[in-house]
Protein chains: 2
Amino acid sequence: MDNIDLLTIENQLCFPLYVCSKEIIKKYKPYLDKLGLTYTQYITMMVLWEEKEINVKSLGDKLYLDSGTLTPLLKKLENKQYIKRNKSSKDERKLIISITPKGEELKILAKDIPTSIGKCLNLTKKESVDLYKILYKILNKIN
Amino acid sequence: MDNIDLLTIENQLCFPLYVCSKEIIKKYKPYLDKLGLTYTQYITMMVLWEEKEINVKSLGDKLYLDSGTLTPLLKKLENKQYIKRNKSSKDERKLIISITPKGEELKILAKDIPTSIGKCLNLTKKESVDLYKILYKILNKIN
DNA sequence: TCATTTTTAATTGTATACAATTGAATTATA
DNA sequence: TATAATTCAATTGTATACAATTAAAAATGA
């Protein structure tokens, strides 16, 4: 096939990836609204449910986001009292993000979200595993 | 596994989808910069390379974007003289987007982009096909 | 026909994303 | 150790995204 014929929407791989990402994130909305979180805030809380404490740079490395996105987002989570923001005493450049008890409680309220989203994707076990592997293969290659 | 244990980044499918989408779009940037396009503007031009003429609603249906995103984006593409925006005479509610000769020329300059991006994803033929099928299965189910 | 409903694009407001820059703090090195 | 280079979070500016609303035009139906 001539290269120029590849320039159609239906021949793209990135386009359905981009659309799936957005459309799935929309499916989270009714569940996340109940918790007062956006999707980006939700994945941020997910890191904190595991780590309890992390600085902005490390958080950004995990989430593939930079301080330009995280700084205002973390201020919003602090306003909602789900996290605290404190300068590290060891390294004054670092801002330590830590989870609050109110932030911990959120996890219980969120516990059924992955299952609910999983159902509306309607994938077989094999498809889920294949998709997961391919996505992480791309991620490992791309950076 | 208990539902609550699913609330980790590594157990998510949407998260790597969302990250892959963003990271691949970043890979387009050096190529698209040469054309003066963003990724969203690029997929918009891709529709116009096929359709020549389309109204905002139909364009939005194809791209999964609404007028809130498309209206300002289309005004930028018009400023760059890649498209024209004209009210339909048959139905005054509709705005017809049409491609200009300068917009057509862009396609030639863009012709090697899909191949270049394909290389940096480094997927086997089977992986590409599997990924494509799974993504469209999700898209068909989700709407 | 004529009021009601629907469709369409634009607008408004909020929330990302990210490139580039800034300034403070730390680390590396001559 | 004094200077240069690096790291980190914040800021600035641009470009999406999308929910909700608005206003004009077209379609519907009593």
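How much area do chain A and chain B bury between them, and what share of it is on carbon and sulfur atoms? Chain A and chain B bury about 6,300 Å², with 71% of it on carbon and sulfur atoms.

This is a predicted model: local features need pLDDT of at least 70, side-chain atom pairs count only at pLDDT 80 or more, and totals for chains, interfaces and linings use all residues. Residues are numbered from 1 along each chain as its sequence is written, chains are lettered from A and ligands numbered from 1 in the order in which they are written, and side-chain values use heavy atoms, with hydrogens and water left out.

**View 1. Area buried between chain A and chain B.** Buried area is the accessible area (1.4 Å probe) that two parts lose on being put together, summed over both. Leu7(A), Leu13(A) and Ile142(A) supply 11% of what chain A buries against chain B, more than any other three residues. The contact (heavy atoms within 4.5 Å) takes 61 residues from chain A and 61 residues from chain B.

**View 2. Salt bridge of Lys137(B) and Glu127(A).** Their side chains meet at 2.7 Å, N to O. A salt bridge is a side-chain nitrogen of Lys or Arg within 4 Å of a carboxyl oxygen of Asp or Glu. The count between the two chains is two. Polar contacts are also present: the rule finds 16 residue pairs across the interface, both at pLDDT 80 or more. Such a contact is a pair of N or O atoms within 3.5 Å; within protein, one must be able to donate a hydrogen and the other to accept it, and residues adjacent in sequence count only if both atoms are side-chain atoms.

**View 3. The side of chain A that touches chain B.** α1(A) gives the largest share, 14 residues. Helices (H or I, at least four residues) are DSSP runs, numbered from the N terminus. By class, this side holds 38 nonpolar, 10 polar and 13 charged residues. Ala, Val, Leu, Ile, Met, Phe, Trp, Tyr, Cys and Pro count as nonpolar, Asp, Glu, Lys and Arg as charged, and the others, Gly among them, as polar.

**View 4. Surroundings of DNA strand C.** Near means a heavy atom within 4 Å. The surface has six nonpolar, nine polar and 14 charged residues.

**View 5. Atom pairs at DNA strand C.** A polar backbone atom of Lys57(B) is 2.5 Å from a phosphate oxygen. A side-chain N or O atom of Ser67(B) is 2.6 Å from a base nitrogen.

Note on methods: Helices (H or I, at least four residues) and strands (E, at least two) are DSSP runs, numbered from the N terminus.
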